[in-house]
Structures are given as C-alpha cells and as structure tokens.
Amino acid sequence: MNVTDIRVIGLSHSLPEGKGLGDARGIGRTRSTTLLRLTTSDGTVGWGEAFAPGSIAQSTLDELFRDDVIGMDPFTVESLAESTYTDPYHFGGSVFVQSVLSAIDTACWDIIGKTVGQPIHRLLGGTERTALTPYASTMYFAEEDRPIEQPIETARKEGFTAAKIKIGSGVSADVERVRTARSILGEDAHLMADMNGNYRPDQAIQSARALSEFDLTWIEEPVPPENYSGYREIGRAIDTPIAAGEAHYGRFAFKRLLDDRLVDIVQPNLARCGGLSEARRIADLATTENVGITPHVWNSAVGLAAAVQFAASLPAYPHSRTEPEPAFLEFDRSHNPLRSEILRTPFDPTDGVLDVPQEPGLGITVDTTALEQYRIDS
Ligand SMILES: [Mg+2]
C-alpha cells in the first residue's frame with residue numbers, strides 16, 4: 001500500500017464585524033487552517049491538519065514533501081519525522097515544515113488505524129481510555145461589549161467541570177476575571193488562566209502572586225514562548241504550575257523546556273508539533289522529566305480528533321494509589337464552524353465528558369460537502 005494522492009484544503013471562516021474574539025495580545029476575526037487528505041493505492045483515505053495558512057502549506061508540501069510522500073508506505077510514517085531534520089536538513093526547525101509534517105503524519109496514522117481496524121490511541125499507547133475531561137477554553141477578550149461572566153456562565157450550564165480563561169491585560173483585570181470565573185464555576189472546578197505571553201517576567205510574577213488565592217490548576221504562557229530565561233525566573237518565583245508548548249514545535253524545542261524544567265506541563269499542538277509521532281516523543285521526554293502533558297487545541301475538528309486520540313493514549317498520572325488527575329482535553333468554546341460543522345458526528349464536550357471515538361484511525365468521518373463552504377483557494 002502506497003500513498004497515491006495528496007490534497008491540500010485551505011479553510012477559513014470569518015466572524016461578523018464587531019464579533020471578534022481574542023486574547024491579551026489582540027482580537028481576531030478570522031479562523032483559518034489547512035487540511036490534508038492522503039489517498040492510498042487501495043483507496044484508503046487519511047486526514048490531517050496543518051496549523052498553517054493554506055498557501056504556505058501548499059508550497060511547503062510541494063517543495064519539500066511531495067516527492068517523498070507520493071509512493072510512501074504509510075506504515076513507515078515515523079521515518080518522515082526523522083528525515084525532516086536531515087533532508088531538508090536546513091529547514092527542519094521551521095514551523096511550517098513541522099506543521100505540514102504534522103498533517104502528513106496524522107493522515108498516515110489515520111490510514112494505519114483504518115487498515116488494521118484500531119483507533120489511533122490504541123496503536124500509540126494501548127490504553128483503554130474511553131473518555132476525557134474536556135475543559136472549556138473561554139472568556140476570551142471580546143470586541144463587543146458584553147458582561148465578562150457570560151461565557152463562563154454558559155460553560156457552567158453546559159456541564160463543564162474545568163475551564164481556561166484569558167487574562168494578561170493587567171493585574172487588577174486578571175484578578176477580576178479569575179475571581180469572576182472561580183465564583184461561577186465553584187471551588188471544585190479546575191480553573192486555568194492563559195496570559196498568552198503578554199507579560200514580562202516581573203509582570204507575570206506580580207499577577208500570579210495576586211491570583212494565588214484562586215487555586216489555579218495552571219498559568220499558561222506567562223511570557224512569550226521564546227523567553228526561556230523568563231520561564232525560569234517565573235518558575236522560581238511562584239507556586240502555581242506553569243504550562244506552555246502551543247507555540248513550540250519539534251522535539252528539540254520541547255526538550256529545552258523539559259531539560260531546564262521551565263514548565264510543569266507541556267502542551268503540544270498536534271497540527272504544529274510534528275504530528276502524532278513527534279507528540280509521542282515529546283510525551284516520552286515529558287514523562288522522563290516527570291512533567292505533565294496535555295495537548296493544546298485551537299484547530300478544526302481534524303486537529304481536535306488527533307488531539308483526542310493522543311490524549312487518550314497517555315497513561316494516567318499519578319500512576320497508582322492516589323486519585324489520578326483528570327485526562328484533560330482543551331475544548332475551544334468560541335464560534336468556529338471549522339470545529340463544529342465539518343464532521344458527520346461532531347464532538348460533544350458537554351456534561352463534563354468527551355467520548356473518545358473507538359472507530360478505526362482518527363475515528364471521524366469528514367463531511368466533505370460541509371467542508372466546501374469554508375474552502376479557500378490555496
Ligand atoms: Mg494558550
């Protein structure tokens with residue numbers, strides 16, 4: 001069985017004027033991503049997602065991958081991750097190379113799963129996990145004037161037992177947002193706060209200390225992803241766990257976060273980090289350093305499905321005796337039809353449980369008719 005066809009499908013959806021959402025760094029109105037569809041000689045189709053604009057994904061694929069992928073046996077998928085660091089030797093560290101690799105890798109695993117009749121999480125780790133704990137990614141900074149508590153009220157009514165909110169616009173605003181979310185979700189809920197790298201280390205430390213009374217499960221990206229020394233400084237100064245990794249890609253970037261113990265939780269995005277194969281390597285590194293791992297998800301339903309399969313493959317932690325931590329899965333609650341409308345059976349994170357598909361491969365069926373509504377030329 002060999003790959004005989006690769007299709008790049010750029011997708012985009014724009015929010016109406018005045019309905020933009022964002023983080024402490026700014027407001028956005030467009031959600032874009034790129035899907036990849038591989039077809040094999042026996043007609044099996046595999047899907048993957050690249051966290052990259054369609055035109056860049058297309059040219060990266062054509063220039064650097066197409067000749068190697070056409071004719072490739074999907075079962076040799078892991079050799080592709082290796083070769084990105086050796087050929088094209090000078091470009092392996094590029095985010096777009098790793099994003100396109102992520103899509104190819106995920107599509108190959110989808111094909112492998114369909115070929116052997118197993119969901120990917122069973123192939124990656126053999127766990128028997130059937131459900132994850134979704135956390136609502138919500139309380140975005142909004143373009144429209146709306147009560148800050150509204151989205152967290154919605155998450156609570158939907159049954160979420162965990163949520164992550166946006167902060168990072170100043171200490172007093174951070175305290176107001178976290179206090180509001182905590183009061184609505186209750187003392188038992190897991191609450192995380194994302195600064196989106198908008199602070200200097202001293203500002204992040206000041207905010208984290210002001211938030212210490214609210215029992216945050218983690219603070220995310222307190223400083224920009226490249227500010228490794230800042231992560232070290234913050235980690236020494238605060239007690240709240242620190243998470244990062246959505247903007248990192250490839251095993252070497254994660255190795256640096258882990259070797260230097262800069263974070264307590266790593267968050268690879270399956271459409272950027274290098275795919276399922278690389279995510280598994282990152283998980284091995286994290287486990288070796290006794291650091292937590294949970295995927296970042298800001299993707300279409302295909303990248304979400306890859307994250308679900310990956311998260312479901314991870315062993316419970318701690319491994320014995322004490323109550324295991326929830327197996328978290330980030331679930332964006334902003335309006336995004338690329339997440340909610342392109343599968344025949346969309347993921348349902350309500351009531352505090354996200355079922356792990358047990359069907360082969362990614363366990364999803366892409367609705368190609370729905371896809372066409374959001375397709376852009378690439
Ligand atoms: Mg984040």
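Colleague: How far apart do the centres of domain 1 and domain 2 lie?

Modeller: In this predicted model, the C-alpha centres of domain 1 and domain 2 lie 23 Å apart. Domain 1 covers residues 3–117 and domain 2 covers residues 121–355; these bounds come from an automatic or database domain assignment.

Colleague: What makes the two domains count as being in contact, and how many residues take part?

Modeller: Contact requires heavy atoms within 4.5 Å. On that basis, 41 residues of domain 1 and 48 residues of domain 2 take part.

Colleague: How do you know what area is buried between domain 1 and domain 2?

Modeller: The size of an interface is often given as the accessible area lost when the parts come together. Here domain 1 and domain 2 bury about 3500 Å² between them, and 57% of it is on carbon and sulfur atoms. Within domain 1, the residues that lose the most area to domain 2 are Arg-31, Glu-49 and Phe-51, together 21% of what that side buries.

Colleague: Which elements build the side of domain 1 that touches domain 2?

Modeller: Those giving two or more residues include strand E1 (3–14), strand E4 (30–40), helix H2 (77–84) and helix H3 (95–116). H3 gives the most, with 11 residues. By class, this side of domain 1 has 17 nonpolar, 14 polar and 10 charged residues.

Colleague: What makes Glu-82 and Arg-281 a salt bridge, and which parts does the pair tie together?

Modeller: The closest N and O atoms of Glu-82 and Arg-281 are 3.1 Å apart, and the limit is 4 Å, so the pair qualifies. Glu-82 lies in helix H2 and Arg-281 in helix H10 (residues 276–288), so the bridge ties together parts that are 199 residues apart in sequence. The structure holds 24 salt bridges.

Colleague: How do you know that E1 and E4 are paired strands?

Modeller: Pairing requires at least two bridges between the strands. E1 and E4 have 11 bridges in the antiparallel sense, so they count as paired. Val-8 stands opposite Leu-36 in E4. The open sheet of four strands has the order E5-E4-E1-E16, with antiparallel pairing.

Colleague: Why are E5 and E16 called edge strands?

Modeller: E5 and strand E16 (375–376) each pair on one side only.

Colleague: What leaves one side of E3 and of E7 without a neighbour in the sheet?

Modeller: The open sheet of three strands has the order E3-E2-E7, with antiparallel pairing. Strand E3 (26–28) and strand E7 (141–142) stand at the edges with a single partner strand each, so one side of each has no neighbour in the sheet. E2 and E3 pair in the antiparallel sense over three bridges, and the bridge partner of Asp-23 is Gly-26 in E3.

How values were computed. Residues are numbered from 1 along each chain as its sequence is written. This is a predicted model: local features need pLDDT of at least 70, side-chain atom pairs count only at pLDDT 80 or more; totals for chains, interfaces and linings use all residues. Side-chain values use heavy atoms; hydrogens and water are left out. Buried area is the accessible area (1.4 Å probe) that two parts lose on being put together, summed over both. Ala, Val, Leu, Ile, Met, Phe, Trp, Tyr, Cys and Pro count as nonpolar, Asp, Glu, Lys and Arg as charged, and the others, Gly among them, as polar. A salt bridge is a side-chain nitrogen of Lys or Arg within 4 Å of a carboxyl oxygen of Asp or Glu.
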